[in-house]
Amino acid sequence: MTDTQPATTRALSQPVRFKRRNRFFSRVGSAAIVFITLVVLTVIFAPVVAPYNPDHADLMNVLAGPSPAHWLGTDSLGRDLLSRILYGGRTALVGPLLVVVISTTIGLILGLIAAWRGGWIDALLSRIFDFLFAFPALLLAILAIALFGKGLTGPVIAMTIAYIPFIARLARGLVVSEMSRPYVQAYSVLGFRSTWIAVRRVLPNIFPVVGAQATLYFGYVLADLASLSFIGLGVQAPQADWGGMINESRGSLQSGDFLPTLAPALVVILVVVAINIIGEELSERIGGDFS
Amino acid sequence: MADTATRVVQLRKQPGGRGSRRGLQALQFVIKRLFSLLATLFVASLFVFFSRFLVPGDPARFLLRGRSPSPESIAAVTAEYGLDLPPWQQYLNWISGAVQGDFGKSLQYSQGVSEVLLARLPVTLELVAMAGLFTIILGVGAGAIASLKRGRFTDRAILMAATAFGATPAFVLAIILIAIFAVSLGWFPSFGSGEPGIDRLVHLVLPALSLGLALVALVARVTRSSMNEQMKREHVEVAVSRGLTTRTVVWRHVFRNALSPILLVTGVLIAGLIVTSSIVEQAFGLAGIGSLLVQSVERLDFGIVQAIVLLVVAAFVTVNTIVDLVQPLLDPRIAAGSETR
């Protein structure tokens, strides 16, 4: 029978197949987690792991290619690239971590309050969020730099504020759908305090979904903060930072020395890809249970 | 009283009555969206203007950071910005100028802010337009191919490429494209915006690609999943069993119905391009609005920063509103209020 079917319609008659997985993470997802763990550990222990001082300039050894002494070679000032990447990860990862942790915490609280209390609080908060959505995170960060000067502090605060509405709106929606579930009514009939139900029973239930989304935001924030360092408004020059390193070595890119720019560029891509994979797999797995 | 009530019921029963009520609803929807657009713009202008007051200290000295705060320049800046007026008066002066296209004088240039902006605007518009074109053509194309070949090698390859490109920040992509296409192959220039015309287009290819490829990836994924969604639906099954050609089924049934989410995502993403373009313009040394924003932050010219932030927010919100308004036209089910998709 199958061969009488015209070949042209096969693409349409084929059902969309979903893979069944037994493990929580796929093979790619597990690889991403191992990679991120490795990056975080080497970055935390940079002083132990790094072969050189990241700021030590060796002008006799400028733009050297990879060698046993310098695994990734050196940049235009003769600084060891591997060491700079390891140290640069500290500024590159701490910023997004702060943004995601703080905005998730505040966003969860605001979302919970908006859904739980409803009424004018809900209306007011959603007005404020609607307004904040009009400001793209990167633009708010640039405005903060214009006001408070270069560096990471202004952008981190600005991006935290920019991401709160995203988390809060997600949390609010999840809480609203939780509230209609029988267990909430059961607790309330049993005489548990409303705040207790919200914080101890509803919050843990919505946290995984919000956490998965926050993981994805980590990747976006990392990219945005690195972009700011790249255009010279974020982490300032002598300090190692992935975005800043790419900017510093642009001169040698034009003369054909690719490694000083491409090495940190590749690290940024790999880290963001890995985080996106983890975030997507998390929300795929967890999201299924909740929606 | 009862008489009016029955008349209303009768009106509702009339076939024409329903149609005009839907038209009224649509009009209400449009007015509501336009009103909220204006409200957002108003609050945004308040925020952008009064953000300056968040910085502690003397406003004249804030505006003159990095320049010599001589008594004459302080007096000049005080007069220019009306710093001795009450804050609301300063805002009114600023916003009434802004509405008429006058943002005052720049600190770093001898020209007015608006003249500087106008000179820089074409490059940014061309860049965003080109990147948007790439996004729509490549993104929808790749997504549609992936959906038609779903489960096969092509699909997986497109998905993987989408994951990689979607995660690559624009500035990293810019560096990689410069390394490959400008330095190694020498096909495209890596710096400057060129002369208007063909030369400009050639100069904008790499910037537009670095700006657009991440969105291409996202749009491809949305297209793919939206089309896959449609293919599972009964109307497509019926169309196939009626013996319509694949081309007709894909175009008339799958793609047409999958279009609405694609449009929504594309519109919102392209609106976001306006901001990212500042990074790309800076990477390629393009003389656009975005690089002007970065340079003005660098040179502490807050008047220009304020003007650009307000314009970008206005553009961002307006594009989003347009997307909202256009969507029911493309997909009447949204206007009808039934979410049976």
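Is the crossing of α6(B) and α9(B) left-handed or right-handed? The close-ups below take that up, along with two other spots in this predicted model.

**View 1. Two helices of chain B cross each other, α6(B) and α9(B).** The answer to the opening question is right-handed. Helix α6 of chain B covers residues 113-148, and its partner α9 of chain B covers residues 198-231. They pack at an angle of about 35 degrees, and their axes sit 5 Å apart. What sort of residues make up this contact of α6(B) with α9(B)? There are 20 nonpolar ones, along with 7 polar and 4 charged.

**View 2. Here chain A meets chain B.** On one side we have 41 residues of chain A, in contact with 45 residues of chain B on the other. The largest share of chain A's side comes from α12(A), with 9 residues.

**View 3. A loop of chain B holds B:Leu300.** Look for this leucine between α12 (289-298) and α13 (302-330) of chain B. Its backbone is worth a glance: B:Leu300 has a positive phi of about 55 degrees, though it isn't a glycine. Most residues other than glycine have a negative phi. Why does B:Leu300 count as partly exposed? Because it has 17 C-beta neighbours inside 10 Å, while a buried residue needs 20 or more and an exposed one has 12 or fewer.

Methods:
Residues are numbered from 1 along each chain as its sequence is written. Chains are lettered from A and ligands numbered from 1 in the order in which they are written. This is a predicted model: local features need pLDDT of at least 70, side-chain atom pairs count only at pLDDT 80 or more; totals for chains, interfaces and linings use all residues. Two residues are in contact if their C-beta atoms, placed from the backbone, lie within 7 Å. Helices (H or I, at least four residues) and strands (E, at least two) are DSSP runs, numbered from the N terminus. Axes are lines fitted to C-alpha atoms, for helices over the stretch in contact, and angles run from 0 to 180 degrees between N-to-C directions. A crossing is left-handed if the near helix is turned anticlockwise from the far one by less than a right angle, and right-handed if clockwise. Ala, Val, Leu, Ile, Met, Phe, Trp, Tyr, Cys and Pro count as nonpolar, Asp, Glu, Lys and Arg as charged, and the others, Gly among them, as polar.
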